[in-house]
Amino acid sequence: MKPWILLIVLGLIFVSAAARVHSQTGENVDVRAGIDHDEFDRLLKKYVNEQGLVNYGAWKQNAADLSALDEYLHQFAAKADNAAQGNEKAASLVNAYNAFVLQWILKNYPTESIWQLKDSFSGKRNDVGGRKVALDDIEHGSLRPLIGYRAHAVLVCAARSCPPLQRFAYTAEKFEEQDDRAYSAWLAREDLNKFSPNEKKVEISSIFKWFKQDFEKAGGIAKILGRYAPEPIRAFGARGNYEIKYLPYNWGLNDQGPHGRNYSQAQLLFDNIFK
């Protein structure tokens, strides 16, 4: 193999493995209690379809709904003197993460991938709890320590291989049930997770590889599949006597329109090197 071809192949392997994980570090983020998520719920129901794809084009053209998203997120800016705890903190920070991602994409739309934008995950540009925080702070510094593996079905970073964005806002009262729904919806998607009992093989999201330690703390991948996989194959999933393969991650934009449909691993490498 020619050296330049080998370099490209190695680069693709590195980027696809490292892109989603980032540094896996972040600072804890506190958020005030009592945030109202009703407006975010309305926006999700209006612009997200059953596949979790977003109608960014229509949203971008609606000044009132762009403003509504900004106003919803403005609630998070206040200093967290009365900080949310437990499921209220989890629900608010999941909503904040997803809403900040949507706001970031809408500000830069059209784009083919969140990786075409600068410092999407590490940039401290989001106002939460009286300071600027990064998406990595919310995910790695707050939600993973707080709820562990349960964070991985509900955080949606605008990619086609992400768990599908749900058409509701998370709430403190229903968070456990809503997280279960998100897991079940994610594992039921045959384009994101594939189960072959006859071949004793599962092909699952690379998220299970990137955050393996979170799933091991919860009892392992087999336990998670036995709980959340589609009903007919839960017993198979729980046994664990199968080969596990991890599917390539599609970082194309989760757009209902044309953007992101043809985003390639080669483009991902190019964007990470040259943007």
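This is a predicted model: local features need pLDDT of at least 70, side-chain atom pairs count only at pLDDT 80 or more; totals for chains, interfaces and linings use all residues.
A residue is classed as nonpolar if it is Ala, Val, Leu, Ile, Met, Phe, Trp, Tyr, Cys or Pro, as charged if it is Asp, Glu, Lys or Arg, and as polar otherwise, Gly among the polar ones.

Residues are numbered from 1 along each chain as its sequence is written, and side-chain values use heavy atoms, with hydrogens and water left out.

A cavity is a set of points, on a 1 Å grid over the protein atoms alone, where a 1.4 Å probe fits but cannot get out; a pocket is an open set with protein on both sides within 12 Å along at least five of seven lines, and lining residues have an atom within 4 Å of a point. Grid points are joined across faces, edges and corners, and a volume is the space filled by probe spheres set on the points.

The structure holds 1 cavity of 30 Å³ or more, and the largest cavity has a volume of about 40 Å³. Its lining consists of Phe40, Leu44, Asn95, Asn98, Val154, Leu165, Gln166, Phe168 and Tyr170. Helix H2 (38-47) and H5 are the elements that give two or more residues to this lining; helices (H or I, at least four residues) and strands (E, at least two) are DSSP runs, numbered from the N terminus. By class, the cavity lining has 6 nonpolar residues, 3 polar and no charged.

The largest pocket holds about 220 Å³ of space. Of its 13 lining residues, Phe100, Gln103, Lys107, Arg125 and Asn126 lie nearest the centre. Two or more lining residues come from each of helix H4 (63-74), H5 and strand S1 (126-128), and H5 gives the most, with 5 residues. This lining divides into 6 nonpolar, 3 polar and 4 charged residues.

The second largest pocket has a volume of about 180 Å³. Among the residues that line it are Asn49, Glu50, Pro164, Arg167, Arg181 and Arg189. Its lining has 4 nonpolar, 4 polar and 4 charged residues.

I turn to the packing. In soluble globular proteins, nonpolar side chains tend to be buried together. Leaving out residues up to four places away in sequence, Leu102 touches Phe40, Leu44, Val54, Tyr56, Trp59, Leu69 and Leu165, where contact means heavy atoms within 4.5 Å.

Which helix is largely enclosed by the rest of the structure? Helix H6 is, because 11 of its 13 residues are buried, that is, under 20% relative accessible area, with exposed meaning over 50% and partly exposed in between (1.4 Å probe, protein chains only). The buried residues of H6 include Asp136, Asp137, Glu139, His140 and Arg144. Their cover includes H5, S1, strand S2 (131-133), H7 and helix H9 (212-217). Gly148, with a positive phi near 60 degrees, follows H6.

In the loop between helix H6 (135-147) and helix H7 (175-187) we find Ser161. Ser161 counts as buried because its relative accessible area is 11%, and beyond its neighbours within four places in sequence it is in contact with Leu192, Pro248, Tyr249 and Asn250. Ala158 is in the loop between H6 and H7 too; its phi is positive, about 65 degrees, although it is not a glycine. At 1% relative accessibility, Ala158 is buried.

Finally, the backbone between H5 and S1. Most residues other than glycine have a negative phi, and most peptide bonds are trans. Tyr109 and Pro110 are joined by a cis peptide bond, with omega about 5 degrees, and Pro110 lies in the loop between H5 and S1. Asp119 also lies in the loop between H5 and S1, and its phi is positive, near 55 degrees. With a relative accessible area of 36%, Asp119 is partly exposed.
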